[in-house]
Amino acid sequence: MKVLPPNPDEPLKGWLKKKHNHKTVMGKQWGKRFVVINSKRGTLAVSKAEKSEATMVLPLCDVSELRTMDDGLVWNDWHDFCFEICAPPQRVQLRADTLHEAEKWIAMIREHVNDWKSDIRLKQKARMSGAPAVVASQFSAEMIKQCNLVDVYDDEESSA
């Protein structure tokens with residue numbers, strides 16, 4: 001069996017649970033999904049199988065919110081290790097198996113979102129689009145100010 005080295009363009013990939021948008025008799029259900037962060041493309045892709053085409057692709061530069069899911073119910077384990085990513089108009093809720101795994105995903109997503117919203121990336125996008133860099137940078141800077149990228153654990157630490 002040939003072992004391939006890890007792909008540097010995909011710093012994190014693995015299985016998470018995704019909350020379905022439709023309700024059943026038992027409420028909303030969770031489906032197992034393969035999730036990949038692609039640093040070269042600046043995307044987070046969600047698919048039903050490791051080798052299948054993505055059913056959802058979120059551009060990391062469009063992420064406006066990243067937060068943990070907490071509905072305040074003491075006995076509700078549906079939200080353990082869950083987090084939500086909002087890249088309007090798309091929103092996805094994911095759940096890891098452990099707190100460590102959830103923290104790893106959140107940290108990696110946040111790192112790549114910040115990278116894709118950086119001035120260097122904005123200038124690269126401007127060059128590729130053909131728009132003057134000054135115009136693209138000013139527009140993108142205003143858009144970033146309007147976005148609210150929530151820091152997941154600050155609220156928890158301040159309330160403790």
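Leaving aside its neighbours within four places in sequence, which residues is Thr43 in contact with? Before I answer, a word on what we are looking at: this is a predicted model, in which local features need pLDDT of at least 70 and side-chain atom pairs count only at pLDDT 80 or more, while totals for chains, interfaces and linings use all residues. Residues are numbered from 1 along each chain as its sequence is written, and side-chain values use heavy atoms, with hydrogens and water left out.

Now to Thr43, which lies in strand β3, residues 43–47, where strands (E, at least two residues) and helices (H or I, at least four) are DSSP runs numbered from the N terminus. With those sequence neighbours set aside, Thr43 is in contact with Val36, Ile37, Asn38, Val57, Leu58 and Leu60, contact here meaning heavy atoms within 4.5 Å. Thr43 counts as buried, at 15% relative accessibility; buried means under 20% relative accessible area, exposed means over 50%, and partly exposed is in between, with a 1.4 Å probe and protein chains only.

Let me turn to charged side chains. The structure holds 4 salt bridges, a salt bridge being a side-chain nitrogen of Lys or Arg within 4 Å of a carboxyl oxygen of Asp or Glu. One of them pairs Lys17 with Asp97, whose closest N and O atoms are 3.6 Å apart. Because Lys17 sits in strand β1 (residues 12–24) and Asp97 in the loop between β7 (90–95) and α1 (99–116), this pair ties together parts that are 80 residues apart in sequence. Lys17 is partly exposed, at 25%, whereas Asp97 is exposed, at 54%.

Salt bridges that share partners join Glu65, Arg67, Glu84 and Arg91 into one network.

Finally, what is the nearest side chain of opposite charge to Lys117? Lys117, placed in the loop between α1 and α2 (119–129), is buried yet has no salt bridge, and that nearest side chain is Asp62, 7.3 Å away; for charge, Lys and Arg count as positive and Asp and Glu as negative, with His and the chain ends not counted. A polar atom of the Lys117 side chain does, however, lie 2.5 Å from the backbone oxygen of Val63.

How values were computed: A polar contact is a pair of N or O atoms within 3.5 Å; within protein, one must be able to donate a hydrogen and the other to accept it, and residues adjacent in sequence count only if both atoms are side-chain atoms.
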